[in-house]
Amino acid sequence: MSFARAFNPAFLGALTLPVTALSGLAAFAFLLTFVFSAQFRWLGLLGFAFFSSVCWGSYKVLSGIHGIARNLVEKINKKESLVLSTQHMLGSSGSTVFAFDAHNRKIAVCNTITGDYRIHDFSYLRAWRADKKTRIKNEIGVSGSAISGNKISGPAIHQRHCEFDFCLLLTVADADHPSIKIPLSSTEEAERWSAWLDTMFRG
């Protein structure tokens, strides 16, 4: 049993997406330290090696989660004689995956944990929109007014808007569960999926 299958894909997907991104940025920062700082070159090399390993490991776990979704969709295609696309699987880093068959105008809603699925017509998906949450974070800097008697700037508190919890909100034809939230990695990914669905369903 693979590591990705042994744990909840939704949990792993939510964890590995930011870990992959942050470790990649950290690896790049340490690479710059190695290249441009002779004094801390050894530290840059160690940091680059460590965070590159973390990034690669997270990427492999994420690939495993996508593989579980892809295998399930391929199995549904064979069983139901459909042509669901394995290139456009909405939510493939979590436990709920939407796969689309443009030829037969069918949607498969799949559970990658249990292997269960439901087939719907395109009319099942009523609406969609990209969404995110925003919070204000206070940060302390040194760009305030100069301290009396010297040229040193005093502390200053700055407010920064942080975006998180990126997702695509779906409205479906289900009286019991009319709204489904699909977590995504960024605003750009959510907007790309929204545009793709616009083209598929309204184009």
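Reader: In which helix is Leu45 found?

Author: Leu45 is in helix H3, which covers residues 41–80. Keep in mind that this is a predicted model.

Reader: Why is Leu45 called partly exposed?

Author: Its relative accessible area is 46%. Buried means under 20%, and exposed means over 50%. The 46% of Leu45 lies in between, so Leu45 is partly exposed.

Reader: What makes the nonpolar surface patch?

Author: Phe28, Leu32, Phe34, Val35, Phe36 and Leu45 make the patch, with about 590 Å². A patch residue needs over 30% relative accessible area. Leu45, at 46%, therefore passes that cut-off. Helix H2, residues 9–36, gives the most to the patch, with five residues.

Reader: Which residues touch the most other members of the largest nonpolar core?

Author: Leu90, Phe98, Phe100, Leu125, Leu170 and Leu197 do, in a core of 20 residues. Strands E2 (96–101), E3 (106–111), E5 (125–141), E6 (156–172) and E7 (179–183) each give two or more residues to this core, as does helix H4 (187–202). H4 has the largest share, five residues. Apart from this core lies another, of 11 residues, including Val73, Leu84, Met89 and Ala108.

Reader: Why would such side chains come together?

Author: In soluble globular proteins, nonpolar side chains tend to be buried together.

Reader: What does Phe98 touch, leaving out residues up to four places away in sequence?

Author: Phe98 touches His88, Met89, Leu90, Ile107, Ala108, Val109, Tyr124, Leu170, Ile180 and Ile182. Each of these contacts rests on heavy atoms within 4.5 Å.

Reader: How many helices and strands does the chain have, and in what order do they run?

Author: There are four helices and seven strands. From the N terminus on, they run α-α-α-β-β-β-β-β-β-β-α.

Reader: How much of the chain is buried?

Author: Buried residues make up 34% of the 203 residues. Each of them has under 20% relative accessible area.

Reader: Where is confidence lowest, and where is it highest?

Author: Helix H1, residues 3–6, is lowest, at a mean of 44. Strand E4, residues 117–121, is highest, at 96. The chain has a mean pLDDT of 80, and 75% of its residues reach 70 or more.

Reader: Over which residues does pLDDT stay under 50?

Author: Over residues 1–8, for which the model has 12 contacts beyond four places in sequence. Where pLDDT is low, the predicted coordinates should not be read in detail.

How values were computed
Residues numbered from 1 in each chain as written. Heavy atoms only, no water. Core = buried A, V, L, I, M, F, W, Y, C linked by side-chain atoms within 4.5 Å. Buried < 20%, exposed > 50% of the residue type's maximum accessible area, 1.4 Å probe, protein only. Patch = residues over 30% accessible without salt bridge, like charges linked within 9 Å, V, L, I, M, F, W, Y side chains within 5 Å. Areas by Shrake-Rupley, 256 points an atom, 1.4 Å probe, with all protein chains shown as cover. Salt bridge = Lys/Arg side-chain N within 4 Å of Asp/Glu carboxyl O. pLDDT = per-residue confidence, 0-100.
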